[in-house]
Number of protein chains: 2
Amino acid sequence: MVKNILKAKAKRSMKTKSKLTGSSMRAKQITINDIAHLASVSKKTVSRVINEIPTVNVEIRDRVNEIIKKTGFRPNPQARGLAFRKSFLIAMIYDNPNATFIVGMQAGILEALRGSGFELLVHQCERRSPRFVPDVREFVERLQPHGVILLPPISENPVLIQMLHEVGCPHVSVAAARIESAMHRVVSSDRDACAEVALHLTELGHKRIAIIAGPQGHRSATERLRGFTDALQNRGLLMPPELIAQGLYTFESGIQAAEKLLSVYPPPTAIFATNDEMAAGVYQVAHRLGIEIPLQLSVIGYDDNPIASRLWPPLTTIRLPIPLMARLATTPLISSGNAHLQQDVALVTPNLVVRHSTAPPSSKRSRNIRA
Amino acid sequence: MVKNILKAKAKRSMKTKSKLTGSSMRAKQITINDIAHLASVSKKTVSRVINEIPTVNVEIRDRVNEIIKKTGFRPNPQARGLAFRKSFLIAMIYDNPNATFIVGMQAGILEALRGSGFELLVHQCERRSPRFVPDVREFVERLQPHGVILLPPISENPVLIQMLHEVGCPHVSVAAARIESAMHRVVSSDRDACAEVALHLTELGHKRIAIIAGPQGHRSATERLRGFTDALQNRGLLMPPELIAQGLYTFESGIQAAEKLLSVYPPPTAIFATNDEMAAGVYQVAHRLGIEIPLQLSVIGYDDNPIASRLWPPLTTIRLPIPLMARLATTPLISSGNAHLQQDVALVTPNLVVRHSTAPPSSKRSRNIRA
DNA sequence: ATGCCAAAAGACACCGGTGTCTTTTGGCAT
DNA sequence: ATGCCAAAAGACACCGGTGTCTTTTGGCAT
């Protein structure tokens, strides 16, 4: 009798197949009821086996497990989600041009999710669009993910975070600063990292140091600028305003900023570009002007984008511990119980990666630069 | 009476909230039954309104829609999926170090998915792992996505594709060649693009041209090598074996290949690196050896990775129409009806982007290189 | 043999939607 | 007034799981 059920199912499946394009048709799904019939137990007992509830007779457990394995049964995720009132979905929401960062975070989140039963949904948005927050809201309400991870810079947006609170969606902000309103945060101490940059340059003997800051409104931009200038000040170096250029974290803005900075007199002997894209812009301008890095100009970037090590000379930069950040961002969202409801902050330290774009300032450089 | 139901619900919601951490608790979900009560119609009628079934009285339709809007009701995706026997999930599966390509495809797929009701799941895998295919199988069986998009090089794996057929999962292969076994394919004519590269170099007057090929087993590698050598042959140029180097699409392998190629005598006047990472390796070696690009050596890459335009001089390369490829990959999976069951092939043409890394060969270069 | 009780298993309702079949509604010809 | 019929709406089962409460099982003390 049990066998007949399976046969009937197989037949139906065949019929469906032949009606359509054959091999490409999805086979009839095996359900918990089929397993229950085959094992001659109730579906509830199968459910217990699936969820590893201990109050199941070992013999029955083994029998059910064997049938599950033999039939290749997988619980339907929709049904499971519906019954559990839980979506088993984590979403990563971003609006960020830095592909390396996105893919790195994505890989790390997937790694942290492995075996947890959760899956990763991605959602790209446009923070400059007037429909930015409503669009994300629509996404969150429609998908009802179990939690969302916000990448910078949208992770800093108070309106977005407020909306997530309103719709009751757990979230974690990955940012360069403690975003107070966010439920959970992973914060990288960009400020400390930039102090390290200042230290490195002053120890090499640089006195006239320029910085290309990030776009206004980005917390990472203010943190990096602040960390750098404060550290210089602690060492008795004041940053003259003409050596502070405004950038947009883009290659082109790096070029413009570099052109501006290298035309002041006396020119800086070192430039700290607050991301690698802008540092690449500095390289470009230096090449055009015939300025040799690091002999005539030291350059430091931020991110350890692949570009950094491809440039010539390889760029000294700051590396974010992306896999760690990804793990820290994921954990509070999938931790069991109500632990995930407690606010938490995880701090993470970026590291200086010294390559070949920095050297002591050379006395001959002011001559050469005029050429 | 209708109002009482709502009030009761609100009360229950409040109670739940106060028991837990308050604001961070997810609010009680509004369901189709609530809407039905409020509108004094059956849930089936609400269902009809949601799904825009035309056989609904306009007055009722408007009334229901207004209540939906006012309450902010969203159909539960799990319930919807369960009832429709459809997951509304598309998965992008990849194992690829090229972050730009991944994020680009991802953005394009998300764009194509916008408004369709489908969402994007991402899954990274390791094609070298012995558990590669079983792992993907587990993923596909567990999530039961409506379709999957395979990025190269796993898009070429016949065992993987066979498995997807077995479990009945619709899929599209994005690759540099027509993968016969795949259900749908988006193929870029890398061969033609590389012929264009050959044309460009020969027209500049190069006769001694080297190539750094991609890793064995990658279809893109064989296609690019073939397209290039065939085109040279058509112009009467035979590629001597010592000018064909084996690379792995990595920066380091580009360095090694360049070292080898630049040590043969007479050295090549141009190197076609079959991706930008390897081209960056060529730049690195050229810098170390004091070889000037493009005066003494022309270099061409492939991908139009951001690196290409950041290098100095900016690298001439091939650009894949990634947004188009993403759209073409997405459409067959979400098209309605059984249209998506018909195999299809979409062809796409990459373009040569000429920048500043190529120039006519210079007679003085063989002198300089010996230095 | 009987009663008691904890462990194991099952019955049944439910999660929140859709499909299918039936019933209601109301305009029109007779 | 009555019958007919298409359009509109509803009843009910179902998708495939889990939660809760009840029933069954079987070992042990009496």
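Guide: The surface near DNA strand D, in this predicted model, is made up of twelve nonpolar, eight polar and eight charged residues. In total 28 residues surround DNA strand D, and the closest are Ile32(A), Lys44(A), Ser47(A), Asn51(A) and Ile60(B). Both protein chains take part: helix 3 (43-50) and helix 5 (77-84) of chain A, together with helix 3 (43-50) and helix 5 (77-84) of chain B, each supply at least two residues of this surface. Helix 5 of chain A gives the largest share, with five residues.

Let us turn to the part of the DNA that faces the protein. Of the atoms of DNA strand D within 4 Å of the protein, 64% belong to sugar or phosphate, and the rest belong to bases. Individual atom pairs illustrate both kinds of contact. On the phosphate side, an N or O atom in the side chain of Ser47(A) is 2.4 Å from a phosphate oxygen of DNA strand D. Asn51(A) also places a polar side-chain atom 2.7 Å from a phosphate oxygen of DNA strand D. On the base side, an N or O atom in the side chain of Lys43(A) is 2.8 Å from a base nitrogen of DNA strand D.

The residues of the surface near DNA strand C fall into twelve nonpolar, eight polar and eight charged. Helix 3 and helix 5 of chain A and helix 3 and helix 5 of chain B each contribute at least two residues to this surface, and the largest share, five residues, comes from helix 5 of chain B. Of the atoms of DNA strand C within 4 Å of the protein, 64% are in sugar or phosphate and the rest in bases.

Several contacts with the phosphates of DNA strand C can be examined one by one. An N or O atom in the side chain of Asn51(B) is 2.7 Å from a phosphate oxygen of DNA strand C.

Ile32(A), Asn33(A), Ile35(A) and Ala36(A) of helix 2 of chain A meet Lys43(A), Val46(A), Ser47(A) and Ile50(A) of helix 3 of chain A. By class, this contact has five nonpolar, two polar and one charged residue. Two of its members have already been mentioned at DNA strand D: Ser47(A) and Lys43(A).

In chain B, the loop between helix 2 (32-39) and helix 3 holds Ser40(B). Most residues other than glycine have a negative phi. Ser40(B), however, has a positive phi, near 55°.

A further pairing joins the two protein chains. Helix 6 (residues 99-113) of chain A packs with helix 6 of chain B at an angle of about 80°, with their axes 8 Å apart. These two helices are therefore roughly perpendicular to each other. Ala99(A), Thr100(A), Ile102(A), Val103(A) and Gln106(A) of helix 6 of chain A make the contact with Ala99(B), Thr100(B), Ile102(B), Val103(B) and Gln106(B) of helix 6 of chain B. Six of the contact residues are nonpolar, four are polar and none is charged.

Within chain B, helix 6 (residues 99-113) also packs with helix 14 (residues 322-334), at an angle of about 50° and with the axes 8 Å apart. That angle makes helix 6 of chain B oblique to helix 14 of chain B. The crossing of these two helices is right-handed. Among the residues making the contact are Phe101(B), Gly104(B) and Met105(B) of helix 6 of chain B and Ile322(B), Met325(B) and Arg327(B) of helix 14 of chain B. The contact comprises nine nonpolar, three polar and one charged residue.

Methods
Residues numbered from 1 in each chain as written. Chains lettered and ligands numbered in written order. Predicted model: local features only at pLDDT ≥ 70, side-chain atom pairs only at ≥ 80, totals over all residues. Heavy atoms only, no water. Axes fitted to C-alpha atoms, helices over the stretch in contact; angles between N-to-C directions. Helix = DSSP H or I, 4+ residues; strand = E, 2+ residues; numbered from the N terminus. Parallel < 35°, antiparallel > 145°, perpendicular 65-115°, else oblique. Left-handed = near helix turned anticlockwise from the far one by under 90°. Contact = heavy atoms within 4.5 Å. Nonpolar A, V, L, I, M, F, W, Y, C, P; charged D, E, K, R; others polar. Near = heavy atom within 4 Å. Polar contact = N/O pair within 3.5 Å; in protein donor to acceptor, adjacent residues only side chain to side chain.
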